[in-house]
Amino acid sequence: MKTVITYGTFDLYHVGHVRLLSRLRELGDRLVVGCSTDEFNSRKGKRSVMPYEQRVEILRACRYVDDVFPENNWEQKRGDILREKADIFAMGDDWLGKFNDLSDIVEVVYLPRTKDISTTEVRQLVKALHRDKINQVRSAVSHLASLVDNL
Ligand code: C2G
């Protein structure tokens, strides 16, 4: 039984996350995920849109994920790897080299990120759509106002 372990926020769940989890699951027989808590995210300088409980629920619903546990700090990985008897520690390559210190107890793998998608981009896309919608409503209201003026 080969266990793969990974960590992340997984906010605004998107295909970049799904494709990573799918590839990680291919590396072994079991995939466990450390999901960053909201408190840890604020220490990472990240404020997630979706609360921790929802991000965990979504990860648990993913067919590639066998278990999810909280990631509360940077230091817990070594203990997690030993507890889960992980054979492979894997992350997207935006973390390239950052976790090589774990290579004495686990195989460390970095996989290419999925291009052109990120939580930030999803957030910006939603904001842009929201802005367009507000502008449409504003122009409809001003059009109505001019019609009323001409009554
Ligand atoms: N990812 C990816 N492709 C994307 C976006 C993300 O492969 N387009 C990968 C990242 O490389 C990471 C995982 O998906 O391995 C989760 O990404 P985030 O939720 O952004 O996680 P992050 O904030 O990087 O937290 O201790 C490690 C940290 O908890 C990682």
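Arg83 forms a salt bridge with Glu84, with 3.1 Å between the closest N and O atoms; a salt bridge here is a side-chain nitrogen of Lys or Arg within 4 Å of a carboxyl oxygen of Asp or Glu. Salt bridges with shared partners join Arg30, Asp80, Arg83 and Glu84 into one network. The model is a predicted one, in which local features need pLDDT of at least 70 and side-chain atom pairs count only at pLDDT 80 or more, while totals for chains, interfaces and linings use all residues. Residues are numbered from 1 along each chain as its sequence is written, and side-chain values use heavy atoms, leaving out hydrogens and water.

Glu84 is buried at 11% relative accessibility, whereas Arg30 is partly exposed at 21% (buried is under 20% relative accessible area, exposed over 50%, partly exposed in between, with a 1.4 Å probe and protein chains only). Arg83 is partly exposed as well, at 44%.

Gln76 is buried, with a relative accessible area of 14%, and its side chain is joined to that of Asp80 by a polar contact of 2.9 Å. For such a contact, a pair of N or O atoms lies within 3.5 Å; within protein, one must be able to donate a hydrogen and the other to accept it, and residues adjacent in sequence count only if both atoms are side-chain atoms. Beyond its neighbours within four places in sequence, Gln76 is in contact (heavy atoms within 4.5 Å) with Tyr7, Phe69, Pro70 and Glu71.

Turning to helix 3 (residues 52-61), its buried residues are Tyr52, Arg55, Val56 and Leu59. These four residues lie on the same side of helix 3 because they cover an arc of only 100 degrees around the axis, taken from the directions from the helix axis to the C-beta atoms. The buried residues of helix 3 pack against helix 1 (15-26), strand 2 (30-36), helix 2 (38-43) and strand 3 (67-71). On the face turned away from the buried side, the exposed residues are Glu53, Glu57 and Ala61.

Key
Helices (H or I, at least four residues) and strands (E, at least two) are DSSP runs, numbered from the N terminus.
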